Amino acid sequence: LQSSLKPHPLCARSSSSPGATAGMSEQNTPSSDQALYQAPPSVRGMTVLDREAFTQTVTVPALLVPTGLVNRALKSLKKLTLQRPGVKRVVEEEGCGETHKLVLLDPRVSSLDAIAGTGLQDLGVASEIRHFALRLTYDNLRSEEVLRAVLPDGHDVTSGFSRVGHIAHMNLRDHQLPYRNLIGQVIMDKNPGVTCVVNKTNSIDSTYRHFSMELLAGEDNMVAKVRENGLLYEFDFSRVYWNPRLSTEHERIVSQLRREDVVVDVFAGVGPFAVPAARRGCAVFANDLNPESFRWLQHNSRINKVTDKVTAFNLDGRDFIRGPVRDLLPDLLRAKTSVHVVMNLPALAIDFLDSFRGLLAHEPGVGVACEGTLPRVHCYSFSKDDAPQRDVVRRAAASLGAELDGVCSVHMVRNVAPNKEMLCVSFTLPKEVVFRSLEEPSAKRQKLEEGTAS
């Protein structure tokens, strides 16, 4: 930003524009700060948000452009113009009347060399780089800038969150907790539609799959409305489990289903697998131990008009498999119906695979009729192993009591944390597992279990 300011023959030297972006042209050498905004030292350590304390005037480069060429100039300059929340890129230049406007540029534009090739110089537009005094307020700052200014120097700045309807869900670190209410207010200010900010205060409850949370800012309303893959879900976010990062995985599994398939959802939650499967035309038997999830699952079935396709249960997963599922399977297998079993409880689902051992031992005649139509299982798990795919297959095989190498597929769902992956292992239930008597000795099963124990 070292170019000198030269008078324009048509315009006076001062300039102003209405609102927060008002400023004036200056002859002073502008700051070379590439970040444009440096917060006043007084805001460091602030715990109660004072928006006025962030107001500052900075100097940015600008081009004086004939009014009739402004749109062409904006198109030609593309990413070279100033990109700042709530700031107009085109402002009035006092003394120019309606003939010329100032186009504000990115602060990194220091000379006419930066705009070479845009074609503006050929039109006589870019004869000089001018300087414009821009008044920035809290409203023009990004959340990262505000938080970086407030938190102690060197501390991590957390502005990321998961959004669930109107709720922003954060996972703050210990050193950020003294500033948690300010952080919550900033997140709410900077994200339209967010009216509630919460912080996770413990790990997910392994029984009901929800976590305790603290309200940081906004209204204490935890009933969220979420639209995922074209469907509407409603639930109390504080009492059920919902992960917006799993939208793609829900769609991946549902895309494998055909109309008239049957889906058995062992840990259904509020219905992110069950409801779209039902909309696809599948008959769904969905279960969740959490009474709140069970209630919202029924509610979401109603609002998406699939109650005739969804039968809901409020049981322990093992009781669900060895009760309603065992009762349903014989007729489904005789009819050669395609059955998919979804087990999305990554922390524990693999442990429930032993529920399939001898599940239909009391129905030996079904084994002949069901050749090639046994259920397809999609079981989710976390792994911290260096070889996560091998790890989940080995553990699934041990719980099931049958080899899965070469007869299963493993899909990497997402990275949950450093050295922690979420995976889905899919396989067809082995016939020898489902129809084997529980009392029947199995050297293979014993070997698998011993391998896991070691």
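Biologist: At what angle do helix α2 and helix α3 pack?

Modeller: In this predicted model, helix α2 covers residues 143–150 and helix α3 covers residues 180–190. Two packed helices are described by the angle between their axes and the distance between the axes. For α2 and α3, the axes are 10 Å apart and the packing angle is about 160 degrees.

Biologist: Why is α2 described as roughly antiparallel to α3?

Modeller: The angle between α2 and α3 is about 160 degrees. Angles over 145 degrees count as roughly antiparallel. The angle of α2 to α3 therefore makes the pair roughly antiparallel.

Biologist: Is the crossing of α2 and α3 left-handed or right-handed, and which residues of α3 make the contact?

Modeller: Helix α2 passes α3 in a right-handed crossing. From α2, the contact is made by Ser143, Val146, Leu147 and Val150. By class, the contact has six nonpolar, one polar and one charged residues. On the α3 side, the residues are Leu182, Ile183, Val186 and Lys190.

Biologist: How far is the C-alpha atom of valine 150 from that of proline 40?

Modeller: Proline 40 lies in the segment before β1. Leaving aside its neighbours within four places in sequence, proline 40 contacts Ala53 and Gln56. Valine 150 is 110 residues from proline 40 along the chain, and their C-alpha atoms are separated by 9.8 Å.

Biologist: Which residue of β3 is the bridge partner of leucine 63?

Modeller: Strand β1 spans residues 56–66 and strand β3 spans residues 100–104. These two strands pair in the antiparallel sense over five bridges. The bridge partner of leucine 63 in β3 is valine 103.

Biologist: What share of the contacts in the chain with a separation of 6 or more is made by residues 24 or more positions apart?

Modeller: The secondary structure of the chain comes to eleven helices and 17 strands. Of its 454 residues, 50% count as buried. Among contacts with a separation of 6 or more, residues 24 or more positions apart account for 71%.

Conventions:
Residues numbered from 1 in each chain as written. Predicted model: local features only at pLDDT ≥ 70, side-chain atom pairs only at ≥ 80, totals over all residues. Heavy atoms only, no water. Pairing = 2+ DSSP bridges. Helix = DSSP H or I, 4+ residues; strand = E, 2+ residues; numbered from the N terminus. Axes fitted to C-alpha atoms, helices over the stretch in contact; angles between N-to-C directions. Parallel < 35°, antiparallel > 145°, perpendicular 65-115°, else oblique. Left-handed = near helix turned anticlockwise from the far one by under 90°. Contact = heavy atoms within 4.5 Å. Nonpolar A, V, L, I, M, F, W, Y, C, P; charged D, E, K, R; others polar. Buried < 20%, exposed > 50% of the residue type's maximum accessible area, 1.4 Å probe, protein only.
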